[in-house]
Amino acid sequence: QLDSLFTNMQDFINEIHFRGSKTNISGQMIKFQESFNIYSSHYKKWNKDNFPELPIIGNGYLNPDPKDYWNKYNRKLQPSFGYDFIKYEHKLIMDDLYNNIINVAIPHFDENDTWDKIATNTFSNGILKLDALIISNRIVEALEYCTKGIELFYKEYGDSINGNALQIQSYFIARRDFINN
């Protein structure tokens, strides 16, 4: 039954974003920082359709744990905020950026190009892992993960749960109800 829900959910858009520094001077690009993002409009729609009462986490952007991502990433030219065109030659920056895209971004995108891979590669506890398990039709794992998460919240907070923890717990409960229905 769940298979038919997710047949069109493989649409991932890989994006490389460039963000300028707030200290840049008007009309000049002095410093910028890149980030590698994965977006799914179907994931955003799936959340909105199935859990309308809950805010959409990440607004459709997925942040799976990058496997060896930062170990491969060269930060020598950007020890703090991004690349600095005043400090370094433009060619040096462009070569470094190119190498980071080839050696880090593309493998990261390839390692997370299906929901099954995202479910496997996401190590942190959270809703993305749970949703990826559901969407990749790993329902038994999803239910176990969900149940364990709810139990941990009750064990940690009991009846005094509030704030952010309450919101996260409500996501887990909504997913559990979704799986059971």
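**Salt bridges in a predicted chain**

Author: Arg138 is buried, its relative accessible area being 19%, where buried means under 20%, exposed over 50% and partly exposed in between, with a 1.4 Å probe and protein chains only.

Reader: What kind of model is this, and how are the residues numbered?

Author: This is a predicted model, in which local features need pLDDT of at least 70 and side-chain atom pairs count only at pLDDT 80 or more, while totals for chains, interfaces and linings use all residues. Residues are numbered from 1 along each chain as its sequence is written, and side-chain values use heavy atoms, with hydrogens and water left out.

Reader: Back to Arg138, then: which side chain does Arg138 meet in a salt bridge at 2.9 Å?

Author: The partner is Glu141, at 2.9 Å from N to O, a salt bridge being a side-chain nitrogen of Lys or Arg within 4 Å of a carboxyl oxygen of Asp or Glu. Glu141 has 37% relative accessibility, so this residue counts as partly exposed.

Reader: Which residues are linked with Arg138 and Glu141 in a network of salt bridges?

Author: Asp116 is linked with Arg138 and Glu141 in that network.

Reader: Why can such side chains pair?

Author: Side chains of opposite charge can pair when their charged atoms come close.

Reader: How many salt bridges are there by this rule?

Author: The count comes to 7. One of them joins the side chains of Asp131 and Arg175, at 2.7 Å from N to O. This pair links distant parts of the chain, with Asp131 in helix 6 (residues 127-135) and Arg175 in helix 8 (residues 163-180), 44 residues apart.

Reader: Are Asp131 and Arg175 buried or exposed?

Author: Both Asp131 and Arg175 are buried.

Reader: And what about Arg176 and Asp177?

Author: Their side chains also meet in a salt bridge, at 3.4 Å from N to O. Arg176 is partly exposed at a relative accessible area of 28%, and Asp177 is partly exposed at 35%.

Reader: Changing topic, how many helices and strands are in the protein chain?

Author: The protein chain has 8 helices and 4 strands, where helices (H or I, at least four residues) and strands (E, at least two) are DSSP runs numbered from the N terminus. Along the sequence the pattern reads α-β-β-α-β-α-β-α-α-α-α-α.

Reader: How much of the protein chain counts as buried?

Author: Of its 181 residues, 41% count as buried.
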